[in-house]
Amino acid sequence: ATLAERQERIEALYEATSNLLRSSSQEEVAEGVYNVLSEVFGYPFVHVGFVEDGQINPHHTVSQPEYSCPKPEPCPVDETTVVGRALQQEQAVVVEDTDQLSNDIDYCDLKSAAGVPIGSHGALLVGTPDTGSFKSADLRLIEVLGRYAALVLDRLSRVQDLEKAKQEAEEAKAEAEAASAMKSSMLANMSHEIRT
């Protein structure tokens, strides 16, 4: 890639990650990551999976119409898939030839793939129909994208935890007010009984 092309990619990535930072749900993060990978980098195979209950569950998987790609299935985090290995190693994993992988997945037209972790939340995968076709500069930018997505998901998780804590506090307050009202009523009744 020429310097001008690289500059265009960095600017497009900057714009896309700015939009990504405004995501308000896991689904928006998955869609934002997909848009960057397909539009900015032009990868014909893009997959985003999130960790839920010890499994990597597919959330957004697309291939260009002229290519067939494997149907993503939920898989354990500790499996030897490309995304599983990226999560386990906490760094980008590049497979230059999917025929060399020792798992039972039929990769169809997907010949080379790179998996990048999204923190501990999941992983993204990009692929091409050609073997060994990943530029190190692109991989570094995709790793940056994975870190940005992880930051957004961390924020969303904290917001969700705060909302849950707020709801629990409101429920506890309502229970305390009900108990106080019951106590006041009981004391009033007892006082009335004593007077009579």
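Tutor: Within it, Val 94 has Ala 114 of strand 5 as its bridge partner. This is a predicted model, where local features need pLDDT of at least 70 and side-chain atom pairs pLDDT 80 or more, while totals for chains, interfaces and linings use all residues. Residues are numbered from 1 along each chain as its sequence is written, and side-chain values use heavy atoms, without hydrogens or water.

Student: How many bridges join strand 1 to strand 2?

Tutor: There are 8, and the two strands run antiparallel. One of the pairs is Gly 49 with Pro 58 of strand 2. Strands 1 and 2 make a hairpin with 2 residues between them, and Asp 53 in the turn has a positive phi of about 55°. Strand 1 also pairs antiparallel with strand 6 (residues 122-128) over 6 bridges, where Val 46 is partnered by Val 126.

Student: Why is strand 1 described as largely enclosed?

Tutor: Look at accessibility: buried is under 20% relative accessible area, exposed over 50%, partly exposed in between (1.4 Å probe, protein chains only). In strand 1 (residues 45-52), 6 of the 8 residues are buried, so the rest of the structure largely encloses this strand. By contrast, Ser 136, at 48% relative accessibility, counts as partly exposed; Ser 136 belongs to helix 4 (residues 136-195).

Student: At what angle do helix 1 and helix 2 pack?

Tutor: Axes are lines fitted to C-alpha atoms, for helices over the stretch in contact, and angles run from 0 to 180 degrees between N-to-C directions. Helix 1 (residues 3-20) and helix 2 (residues 26-40) pack at about 170°, axes 10 Å apart. The two helices are therefore roughly antiparallel (over 145 degrees; under 35 is roughly parallel, 65 to 115 roughly perpendicular, the rest oblique). Their contact (heavy atoms within 4.5 Å) includes Leu 13 of helix 1 and Val 33 of helix 2.

Conventions: Helix = DSSP H or I, 4+ residues; strand = E, 2+ residues; numbered from the N terminus. Pairing = 2+ DSSP bridges.
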